Amino acid sequence: AVEYMKKNLTSVHPMWLEPLEVPGGDRQSPIDISVRKSVFDPNLKPLVAQYDPRTCQQIWNNGYSFLVEYDDTTDKSTLRGGPLEDQFRLCQFHFHWGENNDWGSEHTVDRNLYPAELHLVHWNADKYALFEEAVMEENGLAVIGVFLKVGKTHEGLQKLVDALPAGSVVEFTKFDPSCLLPESINEYWTYAGSLTTPPLTEAVTWIIMKQPIEVSHNQLAVFRSLLFTSAEEGVQKSMVNNFRFQQPLKDRTIRSSFT
Ligand SMILES: NS(=O)(=O)c1ccc(NC(=O)CN2C(=O)C=CC2=O)cc1
Ligand SMILES: [Zn+2]
């Protein structure tokens, strides 16, 4: 039923008109992760995420989600290892969520939906000079996806929740995004995909954590209290259901770092 609901949410808010086919379009995201179809790859290395909280700069509402942006002009907050050949720099993280706890994540695991999903966005600083360049290249980006499930209050997230609703740009510093990673970051699925919002470029190596993090119902409720920047004056729509619909796997393989 929820799948049916999800398919019909366009009527709720056409966030942006979903292009029927994206140029190329054979590695679009998000997707459903079928556990039994994923292939264990023993050559996947441990992931190494080294984030410096001093590179945290600001938080803002881009009209589609809220982003926490990092200074990515040096190699202070980096990701390497796992499926990655190069070293990537953290540039921002954001979330996707639903109007209730039944849906909101972009990826699913055996069709199971989570109420929200965190994306930590990195770009390949070994090969490119700027994010804007990397976003056009097939090995340009690496995004860590972490599922959120409703449970105990997440202490680390609370600092972020207290800073919302970030209207335009609000200074936000000394936030270590490692606190948003699950304990076992070496149990993940990885596949070749795309951005899930425009420009939808097929530049992303996705690394989806198997273990979700727990956040409280109230913390998610604060996400839902945010507002889309609505075109029409006066009409304030709550920022919810800011996820893309699932895309065909086509001839891609999902690898897992665990059996
Ligand atoms: N949801 S997702 O696939 O992780 C996804 C991730 C990223 C973006 N876009 C951007 O990061 C745009 N952007 C720039 O070009 C420079 C800073 C910035 O935020 C869109 C989608
Ligand atoms: Zn995202």
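**Entry 1: the zinc site**

I began at the zinc ion (ligand 2), where the four donor atoms subtend angles of 100 to 116 degrees, so the arrangement is tetrahedral. My notes on the terms: donors are N, O and S atoms within 2.8 Å of the metal (3.2 Å for Na, K and Ca), and water is not among the atoms, so sites may look incomplete. Four donors count as tetrahedral if all angles lie between 85 and 135 degrees. For reference, I jotted down that the ideal angle for four tetrahedral donors is 109.5 degrees.

Before going on, I noted that this is a predicted model, in which local features need pLDDT of at least 70 and side-chain atom pairs count only at pLDDT 80 or more, while totals for chains, interfaces and linings use all residues. Residues are numbered from 1 along each chain as its sequence is written, chains are lettered from A and ligands numbered from 1 in the order in which they are written, and side-chain values use heavy atoms, with hydrogens and water left out.

Which residues hold the zinc ion (ligand 2)? I found His94 (NE2), His96 (NE2) and His119 (ND1) coordinating the zinc ion at 2.0 Å. Along the chain, the donors follow the spacing H-x1-H-x22-H. I also looked up burial: His94 and His96 are both buried (buried means under 20% relative accessible area, exposed over 50%, partly exposed in between, with a 1.4 Å probe and protein chains only).

**Entry 2: aromatic rings**

Next I turned to the rings. A pair of aromatic rings is described by the distance of the centres and the angle of the planes. The rule I used: rings of Phe, Tyr and Trp (its six-membered ring) pair if their centres lie within 6.5 Å, and planes under 30 degrees apart count as stacked, over 60 as edge-to-face and the rest as tilted.

How many aromatic pairs are there in the whole structure? The search gave me 12. One of them joins Phe66 and Trp97, a tilted pair with 5.8 Å between the centres and 45 degrees between the planes. Phe66 is in strand β5 and Trp97 in strand β7, 31 residues apart, and the pair links these distant parts of the chain. Here helices (H or I, at least four residues) and strands (E, at least two) are DSSP runs, numbered from the N terminus. Phe66 is buried at 1% relative accessibility, and Trp97 is buried at 0%.

Trp97 also forms a tilted pair with Phe223, at 5.0 Å centre to centre and 55 degrees between the planes. Because Trp97 lies in strand β7 and Phe223 in helix α4 (residues 217-224), this pair ties together parts that are 126 residues apart in sequence. Phe223 is buried too, with a relative accessible area of 0%.

Stepping back, I saw that ring pairs link Phe66, Tyr70, Phe93, Phe95, Trp97, Phe172, Phe175 and Phe223 into a cluster. One member, Phe172, has the charged end of Lys159 over its ring, 5.1 Å from the centre (a charge sits over a ring if NZ of Lys or CZ of Arg is within 6 Å of the ring centre and within 35 degrees of the ring normal).

**Entry 3: salt bridges**

Side chains of opposite charge can pair when their charged atoms come close. I counted a salt bridge where a side-chain nitrogen of Lys or Arg is within 4 Å of a carboxyl oxygen of Asp or Glu. The count comes to eight, and I looked at some of them.

Glu138 pairs with Arg27, with 3.9 Å between the closest N and O atoms. Glu138 lies in the loop between α2 (131-134) and β10 (141-150) and Arg27 in the loop between α1 (2-7) and β1 (32-33), so parts 111 residues apart in sequence are tied together. Glu138 is exposed at 52% relative accessibility, whereas Arg27 is buried at 12%.

Arg111 meets Asp32 at 4.0 Å, N to O. Arg111 is partly exposed at 48%, while Asp32 is buried at 15%.

Asp75 bridges to Arg89, the closest N and O atoms being 2.6 Å apart. Asp75 is partly exposed at 41%, and Arg89 is buried at 13%.

**Entry 4: cysteines**

How many disulfides did I find? The count is zero, a disulfide being a pair of cysteine sulfur atoms within 2.5 Å. The sulfur of Cys56 is 10 Å from the closest cysteine sulfur, in Cys179, which is too far for a bond. Cys56 is buried at 4% relative accessibility, whereas Cys179 is partly exposed at 32%.

Key:
Four donors count as tetrahedral if all angles lie between 85 and 135 degrees; four count as square planar and six as octahedral if opposite donors are over 155 degrees apart and all others between 65 and 115; anything else is irregular.
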